[in-house]
Amino acid sequence: VKIPITIEDRKPYLQTWVKMPDGTLSKKKLVVDIGAGHPLSLENMLRDNGLPQNFISANLGVGLTGPIAGYLSRVDEIELGKYKLKNVITSFPDDEYLKRQVYVVPRDGNIGLGILKKFTILFDYSNNAMYLKKGPLYNEPFEHDMSGMEYYFDGQDYSRLIVNRIEPGSAADNIGLEEGDEITSINFKPVSKMTIEQIDSIFRSRDGRSLLLEVYRGKLYDRMILTLKRRI
């Protein structure tokens, strides 16, 4: 499927229709950003339309100007040629982050790897086009972390999984996990044998799934059963 693009300030942009949870359709200009891990980010929603009804506060990542705070929710649909992707998890950066941005090219947000990985993509910059073909991940639903934890790899060989933050009221909070806890295994598999992408995939795998965690806190090991809970 051929998708028209423009090259502005050495970056590819596309224009497409996004259907919001209230049913309204809005045309958006998005930069195509294969370096962004999220599916979709809409940067002017808070100012123009406010948040959708169901959302969670979130750390959206780190940009060139610092941490990106904001919210996560879903849009009903985004259109890419004949492809219509539904129930898409979407980032909404807060106003403080947006005030720090100076864009040479006006835009409404970006489309990231969470959507692009569903396709085989060919960029034809000289002819202002992008071609999409369905990939093996196309039918996978859009899901976000269901544990309620933020975490990172640490240690000399980056093999220690450390909890950085717990979302109040989340699955992790409900079983008493705390900032600074070290998760050493998930379902008896050492985290040192896993990539961060594999761990992310487990924690967003299925609402209601139970996971056995081995947790190191202070000088003690404990085992906890974490039951994943979809938050958006």
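This is a predicted model: local features need pLDDT of at least 70, side-chain atom pairs count only at pLDDT 80 or more; totals for chains, interfaces and linings use all residues.
Local features need pLDDT of at least 70, side-chain atom pairs count only at pLDDT 80 or more, totals for chains, interfaces and linings use all residues, and side-chain values use heavy atoms, with hydrogens and water left out.

The whole structure holds 14 salt bridges. Each is a side-chain nitrogen of Lys or Arg within 4 Å of a carboxyl oxygen of Asp or Glu.

**Stop one.** Select E79 and K84. Their closest N and O atoms lie 2.9 Å apart, in a salt bridge. E79 is partly exposed at 27% relative accessibility. K84 is also partly exposed, at 41%. (Buried means under 20% relative accessible area, exposed over 50%, partly exposed in between; 1.4 Å probe, protein chains only.)

**Stop two.** Select E167 and R165. Here the salt bridge has its closest N and O atoms 2.8 Å apart. E167 counts as buried, at 15% relative accessibility. R165 is partly exposed, at 32%.

**Stop three.** Select R217 and E178. Their side chains form a salt bridge at 3.8 Å, N to O. This pair links distant parts of the chain, 39 residues apart. R217 sits in strand β16 (residues 210–217). E178 is in the loop between α4 (171–174) and β14 (182–186). Helices (H or I, at least four residues) and strands (E, at least two) are DSSP runs, numbered from the N terminus. R217 is partly exposed, with 32% relative accessible area. E178 is partly exposed at 41%.

**Last stop.** Select R74, E143, D207 and R230. Salt bridges with shared partners join these residues into one network.

Definitions and conventions
Residues are numbered from 1 along each chain as its sequence is written.
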